[in-house]
Amino acid sequence: MQYDDPDRVRSLDELEHWDFQGSSLAVLGSPIGHSVSPAMHNAALNLMGQTQHIFADWRYFKFDTPPEILPQALEQLHRAGFQGVNLTIPHKVQAVDLVVEIDPGAKLSGAVNTLHRREHGWAGFNSDGYGLEQALLRELSVELTDATVIMLGAGGAARAAAVQCLQSGVAELWIGNRNQERLGGLIDLLQEAPNSERVRGFDLSQPPADLPKHAVIVNATSLGLKAEDPAPIDLTTFESETKVYDMTYGVENALAKAAKEQGIAYADGLSMLVWQGVRSLEIWSGAEVPAQAMMDGACFAKGYSPRRA
Ligand code: NDP
């Protein structure tokens, strides 16, 4: 079998004859073709392998995996000897019921994106919250402790982000969503988290008058994935010290343009992607991970100009 093109989308049938001689890692999703995770992780592993021989034969692959066969896929990967797995859309919630151990933070968020091999199955972790925390710190000089955060969205990405905000001790966490049922579900779930009394929900279509005017706004809605999407919130009501972190990346969207017009600091979601990858590879390798190599791998794969991690 061919292993020299880790960027090729593989099918699970290939696992029946998996004889890669090194340590295998993988990302599962559907669709998965666009994923830059193999480029990011293999760039980091390549650099790590130059100084630490043990990592020279580690390789990261991608598998297209429809949700109905996720349980079978995880069994197959375990049997084939994989050391670690990343999960992306639509698997993060379903996989919570498929692990033999779960990290407390991942359990709280009800989602796992990183699986680490154990003797009889997988241990589940969630590195998305760590990715957001690092991205905020490095790109916007925001420390979550004592920050006032306005989270937009209540889907999978917002769950992990909200748990991280509370675990890190934000002063206030406002969560705005369009669908009020989904918002209520997230707020219920957060009751188990530390500092849950600091959470306030609101209807994203009617932001309340007492919404803080100086805050860290995190866009965790899928609005902004397309250039023509409207901004999820009107930035004109916020002071210029406000900072915006947008989990979407790849297009100059309405939120980015509005922030620029108002002189509000803005960063897109590529750094969160990179830092969640750093955390995943730390979990699997137990070693220090070169974040800049991951950022370089991601930028190269996306055709972006180089950026600092
Ligand atoms: P989900 O599908 O789970 O949630 C989508 C969210 O977007 C919901 O809150 C939904 O609100 C909201 N939304 C969708 N359309 C609209 C609209 N027209 N108006 C208002 N709100 C809307 O997606 P995820 O949580 O998994 O992902 C959210 C975003 O975060 C995506 O853009 C994804 O690419 C990005 N992401 C980035 C990561 C990174 O590392 N940078 C990591 C993970 C995700 P409602 O409940 O009302 O439908």
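Predicted model: local features only at pLDDT ≥ 70, side-chain atom pairs only at ≥ 80, totals over all residues.
Local features were taken only at pLDDT of at least 70 and side-chain atom pairs only at pLDDT 80 or more, while totals for chains, interfaces and linings use all residues. Residues are numbered from 1 along each chain as its sequence is written, and side-chain values use heavy atoms, with hydrogens and water left out.

The ligand sits in the largest pocket. A pocket was defined on a 1 Å grid over the protein atoms alone, as an open set of points where a 1.4 Å probe fits, with protein on both sides within 12 Å along at least five of seven lines. A molecule sits in a pocket if more than half of its atoms lie within 2 Å of the pocket's grid points.

The shell around the ligand holds 20 residues, where a residue counts if one of its heavy atoms lies within 4 Å of the molecule. A154, A157, N177, R178 and N179 come nearest. By class, the shell has nine nonpolar, nine polar and two charged residues. Here Ala, Val, Leu, Ile, Met, Phe, Trp, Tyr, Cys and Pro count as nonpolar, Asp, Glu, Lys and Arg as charged, and the others, Gly among them, as polar. Helices α5 (156-167) and α8 (270-285) each supply at least two residues of this shell. Helices (H or I, at least four residues) and strands (E, at least two) are DSSP runs, numbered from the N terminus.

The distance is 2.8 Å for A157, 3.0 Å for G156 and 3.3 Å for L273. The protein covers 78% of the 920 Å² of accessible area that the ligand has on its own (Shrake-Rupley method, 1.4 Å probe).

Seven strands form an open sheet of mixed pairing, in the order β1-β3-β2-β4-β6-β7-β5. β1 (9-10) and β5 (101-102) stand at the edges with a single partner strand each, so one side of each is left without a neighbour in the sheet. Two strands pair if DSSP finds at least two bridges between them.

β2 (residues 23-29) and β3 (residues 58-64) run parallel over seven bridges. S24 has R59 of β3 as its bridge partner. β4 (residues 84-87) and β6 (residues 114-118) pair in the antiparallel sense over three bridges. There, G84 is partnered by H116 of β6. Five bridges join β6 to the antiparallel β7 (residues 121-125). R118 is bridged to G121 of β7, and a hairpin joins β6 to β7 through two residues.

Conventions. Polar contact = N/O pair within 3.5 Å; in protein donor to acceptor, adjacent residues only side chain to side chain. 1 Å grid on protein atoms, 1.4 Å probe; cavity = no way out; pocket = protein on both sides within 12 Å on 5 of 7 lines; lining within 4 Å.
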